[in-house]
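This report goes through selected features of one protein structure. Please keep the sequence and the coordinates at hand while reading.

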Amino acid sequence: MDIKTVKISDFSQHVDQQIKIKGWLYNSRAGGKVQFLVLRDGSAMCQAILEKKEGNEDIFGQVKHLGQESSIIATGTVRADDRSMGGFELAIDDVEIVHETNDYPITPKQHGVEFLMKNRHLHLRSKKQWAIARIRHTIINSIRSYFNDNEFILVDTPIFSPSVGEEEQTLFNVDYFGENVALSQTGQLYLEAAALSHGKAYCFGPTFRAEKSKTRRHLTEFWMVEPEVAFIDLEGIMDLGQGLIHTIISNCLKDRRDELEILERDISKLEAALKPFVHLSYSEAVELLHSEKAKNHLENKLAQKNTRIEELKDNIEQYNTDATNAKKQWQKDKAAQQIQTANEEIAELQKEVENIPHHMELAKNFKWGKDLGGSDESIISELHDQPVFVHRYPREVKAFYMKPDPENPDVVLNIDCLAPEGYGEIIGGSMREEDYNALIQRIENKGFDPENYKWYLDLRKYGSVPHGGFGLGVERTVAWVTGIKHIRETIAYPRMMGKVYP
Ligand code: 4AD
Ligand code: MG
């Protein structure tokens, strides 16, 4: 009788049955009579036990020499076992070796970031990266279903763009058969045309910005979803953004519990974001930056980071003792790994500790009229448990297409949505200038050539209506939901300054 192949994630339906799994050896620990294996098949991981019995000495010996990431087909019986990973264990009867590997470069010991990024094509198999990719998948799926369910029409916008979409400084230029064009920074301008055709439209694709600084929030190639709606107002845009983020969070909490647990994500922080978001005008945000509350917050943060550094130093001493006393090699390896992780965290914390006084100064001296910087955004978001919509920024620091507030033309009808826990801006959006003459003025003031925007200006000539929308950056959203510090881990192959391999 053929033995059925099942997914590890479906083990609960196959308890006490003999089944097959097809996958890879993630980790192993071998004794003379029994081997403890960790297997993965893409759907999940499981513990497996291979005992030496009469008749299986050959296979026992072969498996013992298998390196990490060898591919195998294992036959065995699923046992319920509370102590095991996922609550089940595979008691192995037989192993078919598909491909033997003996020098997999990424070992369970800790590697530096540079090394892992160079081996990104392999790094993607590791547990954390696997979990992040699956959460990203659910986020993207939620985005699509949210707009589809709300009767938005998907319109794909071009990547080769003849005009500036957001800002000139970050354009990637391309030689387009002798003509100089840019890679798209946004689909928005094209999408405005789509909104006047469909009422509600969205685009979802990669966008490009030549960000010349290396930060943990910036990629040069990132994915953005952009909805655009005719006859909407600023409140409506905020409601749409909040609805989108609520959908993303509740789907992740529903379908990605295991992955969030692997990443040790504090779920309560995500649950808090299911409440209504905070609304602050830019002017109120500036007041907050100047407040005692902000100052105290930063002082507390500084103290907390220093305490944590001391704690980690104590831990390292303990790990060193552990390593000295260890009898087994794997115990020494484990201690070495813990020391490296702790040292990396200390280095990270020390950088933050150095920066905090500077961020304090920036907040204290923040002048109305400037754009909020990364550290200002962090302070505002850290002072709230819910995402914050900051609205009505000074007109001078924002894009040419944003509509001034009729009640105060110094500011525009725009929003930035700041994610909690210091993750910063994940949504940027606005009402668009719908008046032909006012828009030409804005284009000229920015020094752009109105000729290049002729088609865009047409939208203000033929049936112009109040309209607006926003863009949500997928990678920043993934960073926040997963609790990952650096954006480079939120996409399979990150593109940043100095990084285009693999
Ligand atoms: O605020 P931005 O620049 O807005 C626009 O592009 C508008 N045209 C959107 C619209 O109204 N249709 O970018 C929107 C979002 C940001 O909030 C951020 O999440 C993300 O895109 N983003 C980046 N993500 C990663 N790396 C970068 N360099 C990013 N720049 C923007
Ligand atoms: Mg923005």
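## Basis

The structure is a predicted model. Values for side chains refer to heavy atoms.

Three strands make up an open sheet in the order β7-β9-β8, with antiparallel pairing. Strands β7 and β8 (173–176) stand at the edges with a single partner strand each, so one side of each has no neighbour in the sheet. Strand β9 spans residues 179–183 and is joined to β7 by two bridges. Across this pairing, Ser161 stands opposite Ala182 of β9.

Phe160 belongs to strand β7, which covers residues 160–161. With a relative accessibility of 43%, Phe160 counts as partly exposed. Together with Tyr176 and Phe177, Phe160 forms a nonpolar surface patch whose accessible area is about 380 Å² in total.

Strand β10 (residues 200–208) is largely enclosed by the rest of the structure, because seven of its nine residues are buried. Two strands that pair with β10 can be described. Strand β6 (residues 153–154) runs parallel to β10 and is joined to it by two bridges; here Ile153 has Ala201 as its bridge partner. Strand β11 runs antiparallel to β10, with nine bridges between them. One of the paired positions is Gly205, whose bridge partner in β11 is Met224. Strands of a sheet pair through backbone hydrogen bonds, in either a parallel or an antiparallel manner.

Pro227 lies in β11, which spans residues 221–230. At 1% relative accessibility, Pro227 counts as buried. Beyond its neighbours within four places in sequence, Pro227 is in contact with Phe147, Phe152, Leu191, Ala201, Tyr202, Leu240, Gly468, Gly469 and Phe470. By contrast, the C-alpha atom of Gln304, 77 residues away along the chain, is separated from that of Pro227 by 40 Å.

## Cysteines

How many disulfides does the structure hold? The number is zero. The cysteine sulfur closest to that of Cys203 belongs to Cys417, and at 18 Å the two are too far apart for a bond. For Cys252 the closest cysteine sulfur is again in Cys417, at 15 Å, which is also too far for a bond; the cut-off for a disulfide is 2.5 Å. Cys203 is buried at 3% relative accessible area, and Cys252 is buried at 0%.

## Salt bridges

Over the whole structure, 26 salt bridges are found. One of them joins Arg83 and Asp81, with the closest N and O atoms 3.3 Å apart. Arg83 is exposed at 78% relative accessibility, whereas Asp81 is buried at 12%.

Glu114 and Lys499 form another salt bridge, with a closest N to O separation of 4.0 Å. Because Glu114 is in helix α2 (residues 113–118) and Lys499 is in the segment after α15 (474–482), the pair ties together parts 385 residues apart in sequence. Lys499 is buried, at 15% relative accessible area. The side chains of Arg392 and Asp405 also meet in a salt bridge, at 2.9 Å from N to O. Arg392 sits in the loop between β13 (388–391) and β14 (404–405) and Asp405 in β14, so this pair links parts 13 residues apart in sequence. Arg392 is partly exposed at 27%, while Asp405 is buried at 7%. Finally, Arg40, Glu69 and Arg125 are linked in a network of salt bridges.

Definitions and conventions: Residues are numbered from 1 along each chain as its sequence is written. Chains are lettered from A and ligands numbered from 1 in the order in which they are written. This is a predicted model: local features need pLDDT of at least 70, side-chain atom pairs count only at pLDDT 80 or more; totals for chains, interfaces and linings use all residues. Patches are made of residues with over 30% relative accessible area and no salt bridge: like charges are joined within 9 Å, nonpolar side chains (Val, Leu, Ile, Met, Phe, Trp, Tyr) within 5 Å. Accessible areas come from the Shrake-Rupley method with a 1.4 Å probe; for residues, only the protein chains shown count as cover. Helices (H or I, at least four residues) and strands (E, at least two) are DSSP runs, numbered from the N terminus. Buried means under 20% relative accessible area, exposed over 50%, partly exposed in between (1.4 Å probe, protein chains only). Two strands pair if DSSP finds at least two bridges between them. Contact means heavy atoms within 4.5 Å.
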